[in-house]
Amino acid sequence: MACVAVTWARPESTYTDKWDNISVDEILESNRLLKGYVDCLLGKGRCTPDGKALKETLPDALEHECVKCTGKQKSGADKVIRHLVNKRPDLWKELAVKYDPDNIYQARYKDKIDAVKGSA
């Protein structure tokens, strides 16, 4: 789950930076906004245009270790992971069940996930 957030799709060598200026902090600080994005990713709710792009890109970003992510996307993903792991493990688990049912990415990114535990 290394790139839970801010990884947006484009068929070129990197994902589009169209959404790079979205305030990840604002989303994480608002239960309503965060829940909206998570519901979008889980197929439980409507998606904003950026949420839809994230949903379409997330599997590729996970599979390829976010190599197409911009620096801002990687930074945003790290921030989201830290927040979810430490403050919203319920949402982290739901996303893991959906995007990593065989625990492939949890195992691949175990060191990174363990490193952020307790560092909200």
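The expected span of a helix is taken as 1.5 Å times one less than its number of residues, where helices are DSSP runs of H or I with at least four residues, numbered from the N terminus. By that rule the 17 residues of helix α4 (residues 71-87) should span 24 Å, and the end C-alpha atoms are 24 Å apart, which agrees. The model is predicted, so local features need pLDDT of at least 70 and side-chain atom pairs count only at pLDDT 80 or more, while totals for chains, interfaces and linings use all residues. Residues are numbered from 1 along each chain as its sequence is written, and side-chain values use heavy atoms, with hydrogens and water left out.

**Helix α4**
- Gln 73, Gly 76, Ala 77, Val 80, Ile 81, His 83, Leu 84 and Val 85 of α4 are buried, meaning under 20% relative accessible area with a 1.4 Å probe and protein chains only (exposed is over 50%, partly exposed in between).
- The cover over these buried residues includes α1 (24-29), α2 (31-42), α5 (89-99) and α7 (110-116).
- Lys 74, also in α4, counts as partly exposed because its relative accessibility is 37%.
- Leaving aside residues up to four places away in sequence, Lys 74 touches Cys 66 and Cys 69, contact being heavy atoms within 4.5 Å.

Terms used. Helix = DSSP H or I, 4+ residues; strand = E, 2+ residues; numbered from the N terminus.
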